[in-house]
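Me: Please take a close look at one part of this protein. Keep it brisk.

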Amino acid sequence: MTRQPLLSGFEEVLSSKPSTTTNDIRDFPHLSRRTLSRHAKWFGLAGEYLVDSILLRFGFCTSPMPEMMPADRLLCLPEGSLRLQIKTCCRPRDGYFHFSLTKGYHRAPSGIRPYEPDDFDLVALVALSENAVKFTLERHSSHRVACSEIAALHQDPCASLRRALQDLGVNNDEPFFSNQFPCQ
C-alpha cells in the first residue's frame, strides 16, 4: 500500500496538539493572525483609548482628530497643542512589540507611505496586550519596544512622555506639572 503525503497546511489540522489561537475576539491576545488583521481597526481604536486613559489619569487632556488627518490626537498643554500619532501592536514577537510608522493601507489606492515631517509631533507606541504605552519623538520607519521595558512603563507611565516633552522644550517646572498632576 502506498502512502499519500499530506498537502501543505493540513499538518496543523491533523495534529493532536490544540491550537493556542482562536477567532473569537474576546480571547485577545490569543487570536489568529487573520483575526487580528480582520479587527485591526478595533485594536487600533483600543490603543488610542488606552493612550487617552493614561494621559487623562495624569492630568493631560486630549482631543481626537478626524480619521483623515495624519495625527490621531491633539495633546493639550499650557504652551499649546501637540499632534500625537498612536501606533498599536497587539502582541510581542521575538521579545519585542514591533511598530511600523507609516500611513495608509495595503489595499488603498495610495498604498502605504511614510509620514511627512510635519504630520505629527509625538508618537505613542501601544503594547496592547500589556496595557503599556511608550512615548517618543523618534521618527524611524519602524520601532520596537522590548518586553523587558514593560515593567518600567507600568511603574512610571509618564517617564517617556516627560522625556519627550523635555526634548521638545516643554518646561516641567510650570504649574501644569505641579502636585495637582501626579505625573511629576
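Where is the place of Lys 103? Then move on to the cores.

Reply: Lys 103 sits in strand 5 (residues 102-104). Helices (H or I, at least four residues) and strands (E, at least two) are DSSP runs, numbered from the N terminus. This is a predicted model, where local features need pLDDT of at least 70, side-chain atom pairs count only at pLDDT 80 or more, and totals for chains, interfaces and linings use all residues. Residues are numbered from 1 along each chain as its sequence is written, and side-chain values use heavy atoms, with hydrogens and water left out.

Lys 103 counts as buried because its relative accessibility is 18%. Buried means under 20% relative accessible area, exposed over 50%, partly exposed in between (1.4 Å probe, protein chains only). The Lys 103 side chain makes a polar contact with the side chain of Asp 119, at 3.0 Å. Such a contact is a pair of N or O atoms within 3.5 Å; within protein, one must be able to donate a hydrogen and the other to accept it, and residues adjacent in sequence count only if both atoms are side-chain atoms. Beyond four places in sequence, Lys 103 is in contact (heavy atoms within 4.5 Å) with residues including Gly 111, Pro 114 and Tyr 115.

Now the cores. The largest nonpolar core has 26 residues. It is a set of buried Ala, Val, Leu, Ile, Met, Phe, Trp, Tyr and Cys residues joined through side-chain atoms within 4.5 Å. Helix 3 gives the most to this core, five residues.
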